[in-house]
Amino acid sequence: MLLLACCIIGYLTLGARGNWEFVLPFRGNKLVVLLLVAVSVSTATVLFQTITQNRILTPAIMGFDALYVLILTVLVFVLGGQAYGELSQIGQFALNTSLLMCAALALFGTLLTKARSDLMRMILTGIIFAGLFRAVTGFLQRMIDPNEYAVIQVASFARFARIDGGLLTIAGVLTCGALIVCWQMRHRLDVLALGEVATINLGENPRRGRFQVLVLIAVLVSVSTALVGPMAFLGLLVVSLAHLITPTASHAVLLPCAALVSAVTLVGGQFVLERVMGLTTPLVVVIDVMGGVVFLILLMRGGQR
Amino acid sequence: MITVTGVGYKIGKTTILEDINLTIPKGGVTALIGPNGAGKSSLLGLIARLTTLQMGRITVDDLGVGACANDVLARKLAILPQTNEVAPLLTVRELVSFGRYPHHKGRPTARDDEMIDQALQRFDLKDFADRRLDTLSGGQRQRAQVAMTFAQDTDYILLDEPLNNLDIAASRALMKELRDLAENHGRTIVIVLHDINYAAAYADLIVAMKNGKISATGAPDQVVTQGLLEDVFETSPKVHRIEGKVLVEV
């Protein structure tokens with residue numbers, strides 16, 4: 001908590017020269033983006049690991065955000081960049097998110113029930129899915145008009161720099177809504193993490209729970225992807241760290257802890273890179289390298305632990 | 001009372017259970033025995049709504065399985081399933097406390113804590129209460145699972161081969177515990193057992209199954225006979241009767 005506060009203050013103030021009235025809103029805006037992304041990514045990852053009952057898979061690894069970009073591309077392709085651009089931001093967002101929800105439920109809903117016990121198959125399927133989504137996306141992007149491509153690129157590239165207020169408001173409202181629902185579900189999530197049989201025995205409906213959680217994940221992933229684009233390993237990295245810090249399985253502790261770690265990682269990382277080291281490498285690259293290493297270590301250590 | 005009427009169950013085209021009609025009386029220990037693949041676990045799973053009912057009807061007291069709300073049944077009936085690979089990172093106390101979930105839905109009261117302590121005490125888990133499940137032996141983990149089922153405090157307790165990982169001392173202790181629950185606390189125990197000797201020694205009622213059908217129901221004395229063993233298990237061990245107890249040669 002303290003660490004996060006330090007990072008935030010450091011981020012907001014250090015190296016600021018010139019007009020405070022300009023600097024604070026400018027950086028404040030970016031800060032809000034970072035925090036929203038941090039919380040939604042970490043929460044989506046915790047939720048996903050709960051319903052899949054393992055600590056290696058994350059929505060990003062299973063291709064959720066690649067799916068988001070694909071949907072975006074298909075939309076622009078079908079509607080045309082002009083028509084898509086004419087939709088209000090709320091309209092774009094609602095369309096993307098609801099389509100992602102449907103696609104995610106269709107694809108992962110069945111996969112999660114049938115193949116959950118087989119971790120390797122899940123990872124393989126996820127990676128193939130993600131590859132497929134990216135390939136189709138690339139294919140479509142090559143076929144469309146360069147102007148329309150620009151629309152996609154603006155909407156799907158990983159960047160923490162400029163995000164306008166309208167999108168930020170929608171994202172903020174959605175994230176807060178999803179987080180409130182998560183928090184209310186926290187005890188049920190604890191039960192869901194025990195697995196299908198135990199869930200039924202304790203009087204909860206595992207199917208309904210999984211459905212609700214997948215919807216929440218879809219919302220959170222679309223928020224973070226819409227804001228900054230796909231980030232492969234952030235979720236895995238921060239949730240693994242959170243597990244190290246709090247060795248409990250209780251979601252009441254785990255969710256805030258993961259969110260906190262995630263916020264510290266993003267804000268602190270951005271702060272160090274931008275202010276201390278002078279903005280030479282994009283933060284996403286650093287996080288993905290670290291997250292990738294964690295992923296490999298977890299895989300080596302084998303499965304469920 | 002658990003009533004099973006005309007229940008059948010198929011996986012694909014394979015028939016697992018066929019036209020099962022069974023009444024399990026309230027109170028007492030009922031043991032399901034039979035060779036591997038007889039459908040004992042499937043029947044238990046259907047009663048505990050782990051698998052969806054395809055044919056027939058099952059009622060637990062006045063509750064229809066599949067018709068009544070999940071959480072209502074969870075306060076009436078608990079099951080200890082056969083494969084127990086749940087959450088290795090939980091501590092014993094955390095696991096046992098999940099047994100109280102159907103009662104408090106995440107907001108434990110003092111009474112819930114009391115029940116958890118009682119369960120830990122009863123199954124001799126006090127010393128391990130704060131150890132994680134993955135640091136325990138199979139038998140200890142099994143005991144923790146049973147304690148969780150006990151903490152759920154239901155009238156009906158279903159157990160699927162709970163003796164699997166237990167040595168003789170732990171097996172006898174568990175069976176005695178179950179008898180005590182049935183005799184002194186009015187619980188109804190339904191248990192799938194492999195070892196006929198345990199069934200004969202501790203059960204009030206034995207249900208023998210073969211090929212998805214019930215082949216015999218009755219008190220251990222009447223059911224455990226040479227003829228039945230030959231018929232159901234297709235092997236012919238000697239059956240001894242010593243001081244009124246039935247013993248099957250192994």
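Guide: The turns below take up sheets, helix pairs and a salt bridge.

Guide: This is a predicted model, in which local features need pLDDT of at least 70 and side-chain atom pairs count only at pLDDT 80 or more, while totals for chains, interfaces and linings use all residues. Residues are numbered from 1 along each chain as its sequence is written, chains are lettered from A and ligands numbered from 1 in the order in which they are written, and side-chain values use heavy atoms, with hydrogens and water left out.

Visitor: Which strands does S1(B) pair with, and over how many bridges?

Guide: S1 (residues 2–11) of chain B pairs with S2 (residues 14–24) of chain B over 7 bridges, in the antiparallel sense. One bridge sets B:Thr3 against B:Thr23 in S2(B). The two strands form a hairpin with 2 residues between them, and B:Gly12 in the turn has a positive phi of about 60°. S1(B) is also joined to S4 (residues 55–60) of chain B by 5 bridges, again running antiparallel. There, B:Gly8 lies opposite B:Met55, and B:Thr5 lies opposite B:Arg57.

Visitor: What is the order of the open sheet of 6 strands?

Guide: The order in chain B is S6-S7-S8-S3-S9-S10, and the pairing is mixed. S6 (77–80) and S10 (213–218) of chain B stand at the edges with a single partner strand each, so one side of each has no neighbour in the sheet. From one strand to the next, the twist averages 15°. Within this sheet, S3 (residues 28–33) and S9 (residues 205–210) of chain B run parallel and are joined by 4 bridges. B:Ala31 has B:Ile206 in S9(B) as its bridge partner.

Visitor: Which strands does H6(B) touch where it packs on the sheet?

Guide: H6(B) touches S6 and S7 (156–160) of chain B, and its direction makes about 170° with that of S6(B). H10 (residues 226–233) of chain B also packs on the sheet, touching S3, S9 and S10 of chain B, with a direction at about 35° to that of S9(B). Contact here means heavy atoms within 4.5 Å.

Visitor: How is the packing of two helices described?

Guide: Two packed helices are described by the angle between their axes and the distance between the axes. Axes are lines fitted to C-alpha atoms, for helices over the stretch in contact, and angles run from 0 to 180 degrees between N-to-C directions. H5 (residues 110–122) and H6 (residues 138–151) of chain B pack at about 140°, with their axes 9 Å apart. That makes H5(B) oblique to H6(B); angles under 35 degrees count as roughly parallel, over 145 as roughly antiparallel, 65 to 115 as roughly perpendicular and the rest as oblique. The residues in contact are B:Met115, B:Ala119 and B:Arg122 of H5(B) with B:Ala147, B:Phe150 and B:Ala151 of H6(B).

Visitor: At what angle do H3(A) and H11(A) pack?

Guide: H3 (residues 64–79) and H11 (residues 206–228) of chain A pack at about 65°, with their axes 10 Å apart. They are therefore roughly perpendicular to each other.

Visitor: How many salt bridges are found over all chains?

Guide: Side chains of opposite charge can pair when their charged atoms come close. A salt bridge is a side-chain nitrogen of Lys or Arg within 4 Å of a carboxyl oxygen of Asp or Glu. The whole structure has 19 salt bridges over all chains. One of them joins B:Arg100 and B:Asp112 (2.9 Å, N to O).

Definitions and conventions: Pairing = 2+ DSSP bridges.
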